[in-house]
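Good morning, colleagues. Please look at the structure on the screen while I go through a few of its residues and elements in turn.

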Amino acid sequence: MGLKEIIEHHVLDHIWSRLAFGPLSLPISKHLLMMGIASLILLVVFPLLIRSRSAALAPFRAMVEVIFLFIRDEIVLPNLGPKGAPYMGYFATLFFFILVVNLIGLVPYGATATGNLAVTGGLALISFIVINFTGMKEQGVLGYFAHLVPKGVPVWLYPILFPIEVLGLFIKAVALCIRLFANMLGGHIVILSFISFIFIFGSLGAAVGFAVAPVSVLLVLFMMCLELFVAFLQAYIFVFLTAIFTGMAMHPH
Amino acid sequence: MEALIRPELGLTFWTVVCFLLLVLLLSKTAWRPLLQAVEERERALKHDRQAAETARADAEKARAELDARLAQLKAEIQGRMDEARAAAEREKDLIIDEARKSAAVIVESSRREIEAQKAEAARDLKNKVAELSVLAAEHILMKQLDHRANSDLSSKYLAELEKERPDLKLGA
């Protein structure tokens, strides 16, 4: 089995069966299972944690609370203004969903569903809808498109800028999708490569392989710590950028 | 590897459904209670702070009142003490004056008494001396009164008298 197969085996989705649902054929796959586990954790653990009054769980409750308040006070309200409060459910769920899915990818036997373009594409699609929906709701459909081109631009530039801005709407969403996907995938590929070093050098001689192993393991350990950080960071960035784009769509000035 | 960048549309559908369900359910079961708890705590904090501030303001007011009362009381005590001191001073002066006056009276009456007594004593003494001298003279005279001496004396006296006043010479 070559390096390519190993990496593909670990980062690609495994489709076990398919369900026909109208024109779509819905896969039952490993990444779907991971998303299901993440959803189950969010649906069971979070409500219980938040409602619990036990002192032992208080630190975890405080952690969730601090993150929630951070998203509210530092990300959503500064960007969306006071009208952002109704969207808190979306932003908080987005952050914790991405975070939990990212973290499940670091657990043994887990797979990173956010390292799948289809999953991040789904999330970016919802972001795209939210961004444009809030913009249209706030300014009206015509007003939204009228304000798409920034103020103070000469009239003759409008025919050029308008398509660019419309394209920009899609590019923003696609960038969201690819950023998360690439970040989650990259770390895993690097980890797999470091592990593979052991066997690549091992093919030169068992002793060389054994000599390389500690270095590899140390590097992998370092990468795992980095991945842990990136799991939080990417969840934050996704939410942060979505909030910024939503804010820009709501308040064009 | 191109499978990596070939999105599986079915999974996108699953993601959207899964995520939207999560948003709906978590908004109800998690975020709302969390927000309620946070708001309740913030409200409690605000309430506590307000209560504390009110209590502090009350305490300050009470202290200011007490201070004012204390100052007033002090002033009053000072006034009363001054008054009392002045009254005592007056009383003292009065008493001393009276004492001085009565002492003067006593001294005066004593002097007068002494004078009177002295005068009486002097009178008595004079009387007694006079009497005594009369008696003594009487005694002396009684003792010295003998005939010969008297006649010598009288003749001597007469002679002298005659010498001085020859006109009165009885014989030659």
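Predicted model: local features only at pLDDT ≥ 70, side-chain atom pairs only at ≥ 80, totals over all residues.

Asn183 of chain A is buried, because 20 other C-beta atoms lie within 10 Å of its own. The term buried requires 20 or more such atoms within 10 Å, exposed means 12 or fewer, and partly exposed covers the range in between, with C-beta atoms placed from the backbone. Asn183(A) belongs to helix H7 of chain A, residues 158-202. Helices here are DSSP runs of H or I with at least four residues, strands are runs of E with at least two, and both are numbered from the N terminus.

Which residues does Asn183(A) contact, leaving aside its neighbours within four places in sequence? They are Val230(A) and Gln234(A); contact means that the C-beta atoms of two residues, placed from the backbone, lie within 7 Å. Met136(A), 47 residues from Asn183(A) in sequence, is 31 Å from it in space, C-alpha to C-alpha.

Residues are numbered from 1 along each chain as its sequence is written, and chains are lettered from A and ligands numbered from 1 in the order in which they are written.

Let us turn to chain A as a whole. Its secondary structure comprises eight helices and two strands, and from the N terminus the order is α-β-β-α-α-α-α-α-α-α. Of the 253 residues in chain A, 32% are buried. The C-alpha atoms fill a box of roughly 70 × 55 × 40 Å along the principal axes.

I now come to helix H3 of chain A. Its 23 residues, 58-80, should span 33 Å at 1.5 Å a residue, and the end C-alpha atoms are 30 Å apart, which agrees. The expected span is 1.5 Å times one less than the number of residues. H3(A) has a kink of about 30°, centred on Arg72(A); the bend at a residue is the angle between axes fitted to the seven residues ending there and the seven starting there. After H3(A) comes Gly81(A), with a positive phi near 80°. The buried residues of H3(A) include Phe68(A) and Ile71(A).

How do H3(A) and helix H8(A), residues 206-250, lie relative to each other, and at what angle do they cross? Their axes come within 7 Å and cross at roughly 25°. That makes H3(A) roughly parallel to H8(A), a description used for angles under 35 degrees. Axes are lines fitted to C-alpha atoms, for helices over the stretch in contact, and angles run from 0 to 180 degrees between N-to-C directions. Among the residues that meet there are Ile75(A) in H3(A) and Phe240(A) in H8(A). H8(A) also has a kink of about 30°, at Ala213(A), shortly before the proline Pro214(A).

Finally, Tyr109(A) has a positive phi of about 70°, although it is not a glycine. Tyr109(A) sits in the loop between H4 and H5 of chain A. Is Tyr109(A) buried or exposed? Tyr109(A) counts as exposed, because it has 7 C-beta neighbours inside 10 Å.

Notes:
Parallel < 35°, antiparallel > 145°, perpendicular 65-115°, else oblique.
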